[in-house]
Amino acid sequence: MVLYESTRGGNEGISSAEAIKRGISPNGGLYVPQQIKELTLKDISDLVNMTYAQRAVFILKQYLEDYTEDELIECVNNAYNTAKFSSSDIAPVRPINESLCLLELWHGPTCAFKDMALQILPHFLVKAMEKTGEKSEIVILVATSGDTGKAALEGFADVKGTRIIVFYPEDGVSEVQKYQMITQTGKNVKVVGVKGNFDDTQSGVKRIFTDKKLIQEMDERNLKFSSANSINWGRLVPQIIYYFSAYADLVKDNRIKAGDKVNFVVPTGNFGNILAGYYAKCMGLPVNKLICASNDNNILTDFIRTGSYDKRRKFIKTVSPSMDILISSNLERLLYELTNRDHKKVTDWMNRLNESGHYEIGKNLLDRLHRIFWAGWSNQDETLKTIECVYKDNNYILDTHTAVAVDVYDKYVITTGDLTPSVILSTASPFKFNSSVCKALFGDAEIEGKSEFELLEFLSEEGNIPIPAGLKNLDKKSILHSDVCEKYDMKTVVTQNLF
Ligand SMILES: *Cc1c(COP(=O)(O)O)cnc(C)c1O
C-alpha cells in the first residue's frame, strides 16, 4: 500500500486517509507518497474510451489505496456530475486553432479550476474520518487568493462533522470573488477579510496550524484542524486526473497517437496545479516539457532559470490575482522529489527562506529541473493584449490567468522552436475576472463607470456567451460575512469562532 511521509522527515509512513485528515504534517512539512505508481502505455490507452469519472477512479486508486474502489466511485460520482459541472465532459479539451488546445478546468460551480479538487476533497475527508475512527470535528482553515476560498466553501458548506473558516486578503481579490465568498450560506461557514496581502494571509494560517498551545486547546474541545489548501494531498491528487484525461482526449480526437509527447502550459501561483503535472509525468504520461507561466510576480521564472529562490522583492497586485504569490508552497514537494527525498536539504532550504528570504539549489539540481521544466512570465500589458488578440483571431475569450499562459507559450515557441503539441491549462472563466477582460477587449472608455456586476451582463452580450450560473445575480444576494481583521488578529478570530 502507498504510504505518505513528510517532506521534512521525522514521520513513519501514514495512510492516505490520515494524510488527508491532517492536511499538513506536524513538523511543517507536506505529505508525499512514498512511491509513485508507474502506468503503462496500455493503461493510458485504456483511458481513451472512459468517461471523466471512470478515468478519475483509475488514477485515484493508484494513490488512495486505503479507500475501496466502491468508496472512490462514490466520491467521484458525488463530485464530477452534471448537477455540479456545466459540461458533461467535466474537463473538456477545446482546440482554438491548429497549434493551440485549451483544457477548460472551470466548468464547476465556482468557475475556477479549484473546483476540480475541492468538489471531491470533502468526500475524501468524510471517509477519512470514518476510516481513522476520528471523533473530533474537523476545522478547515483556508487562506485564499480568491478562488480557493469560494471553492472550499462550496465544497464544505453543511458537510457533517466539519467547520470551515476562510481568510482572504481584503483588497487582494476581485469584486466578483469577494461577493462569491461573503454571500456564502451554510451553518458551518465563516469568512473573514484580512488587512494584508495573500502571503500575509497564508503565513497567518500556517502559524495557526502549527500553534501547539492552540492545538491542545482544540484537542480538549474535540476539534482538529485540517487544510483545504493545496498543501493537502487530497487536493493535489485529483489534479493529476485531468492531465491524463486531456491526453486521452487528444488521442481520442486523433490529434496525437498514444505514446506521442505533449507539453503542458500551466498558469502558476502556489505550484499545485503544475506539480500534479509533474506527478503525471513521473507516472509515465508522455510529457515533453512542463511550462511554468507566471505574472509580474515572476519569482518562479527566476527560480527555474537560475536556481535561486529569492522572495526579497516587491509583491505586485496584478490582473491575475490568483497568481499573485511569492511563496509557492508546493515547490517543497518538487524539491523533495528532485533531491531523491533528501528531507535535510529541503528543511534547510525552507528554513533559509523563512529566516533570510532566499535559498539556492545548486547546478546539479538545476540541470535536473531543466530537463522537465521551462519557465516564463507575462506582464500585465502583454496579458491584456493576449486576451484581445485571441478574441480577434479565434473568437474565444480568455480569462486573465489563462492569458498569462498563452502569452508564455508564445514566448516558449519563439525561444525554443519546439512545436510539440501543447495543452494550455485554462484555469478560470473570463466572467470571474470580467473587469480586466472587458478592459482588454473593449477598452477603458467602454467600461468606465460600470460595476463588475454590470460588466457581467456587458461581457455576456458583447461576447455572446451566457453568464455562468454561479455568478448570476451575485450582487442581489445577502451579505452574510462582513468581518475584517488585522493580520496579527487571525488567531483571535479563530478562537472566538470556535470556543
Ligand atoms: C489558483 C489559481 C491558479 C494558480 O494555481 P496554483 O495551483 O496555485 O499554481 C491559476 N489560475 C487560477 C484562476 C487560479 O484560481
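**The ligand and its cavity**

Trainee: How do the residues of the shell around the ligand divide into nonpolar, polar and charged?
Mentor: Ala, Val, Leu, Ile, Met, Phe, Trp, Tyr, Cys and Pro count as nonpolar, Asp, Glu, Lys and Arg as charged, and the others, Gly among them, as polar. On that basis, the shell contains five nonpolar, eight polar and two charged residues.

Trainee: Which of the 15 residues around the ligand come nearest?
Mentor: This is a predicted model, in which local features need pLDDT of at least 70 and side-chain atom pairs count only at pLDDT 80 or more, while totals for chains, interfaces and linings use all residues. Residues are numbered from 1 along each chain as its sequence is written, and side-chain values use heavy atoms, with hydrogens and water left out. A residue is near a molecule if one of its heavy atoms lies within 4 Å of it. Of the 15, the nearest are Lys114, Asp147, Gly269, Asn270 and Asn273.

Trainee: How far is an oxygen atom of the ligand from an N or O atom in the side chain of Asp147?
Mentor: A polar contact is a pair of N or O atoms within 3.5 Å. For a polar side-chain atom of Lys114, the distance to a ligand oxygen is 2.6 Å, and for a polar backbone atom of Gly269 it is 2.8 Å. For the side chain of Asp147, the value is 2.4 Å.

Trainee: What percentage of the accessible area of the ligand does the protein cover?
Mentor: Accessible areas come from the Shrake-Rupley method with a 1.4 Å probe. On its own, the ligand has 380 Å² of such area, and the protein covers 98%.

Trainee: What is the volume of the largest cavity?
Mentor: A cavity is a set of points, on a 1 Å grid over the protein atoms alone, where a 1.4 Å probe fits but cannot get out; its lining residues have an atom within 4 Å of a point. The structure holds three cavities of 30 Å³ or more, and the ligand takes up the space of the largest. The volume of that cavity is about 290 Å³.

Trainee: Which element gives the largest share of the lining of the largest cavity?
Mentor: The lining has eleven nonpolar, 14 polar and three charged residues. Helices (H or I, at least four residues) and strands (E, at least two) are DSSP runs, numbered from the N terminus. With three residues, the largest share comes from α12.

Conventions: A polar contact is a pair of N or O atoms within 3.5 Å; within protein, one must be able to donate a hydrogen and the other to accept it, and residues adjacent in sequence count only if both atoms are side-chain atoms. On a 1 Å grid over the protein atoms alone, a cavity is a set of points where a 1.4 Å probe fits but cannot get out, and a pocket is an open set with protein on both sides within 12 Å along at least five of seven lines; lining residues have an atom within 4 Å of a point. A molecule sits in a cavity or pocket if more than half of its atoms lie within 2 Å of its grid points. Grid points are joined across faces, edges and corners, and a volume is the space filled by probe spheres set on the points.
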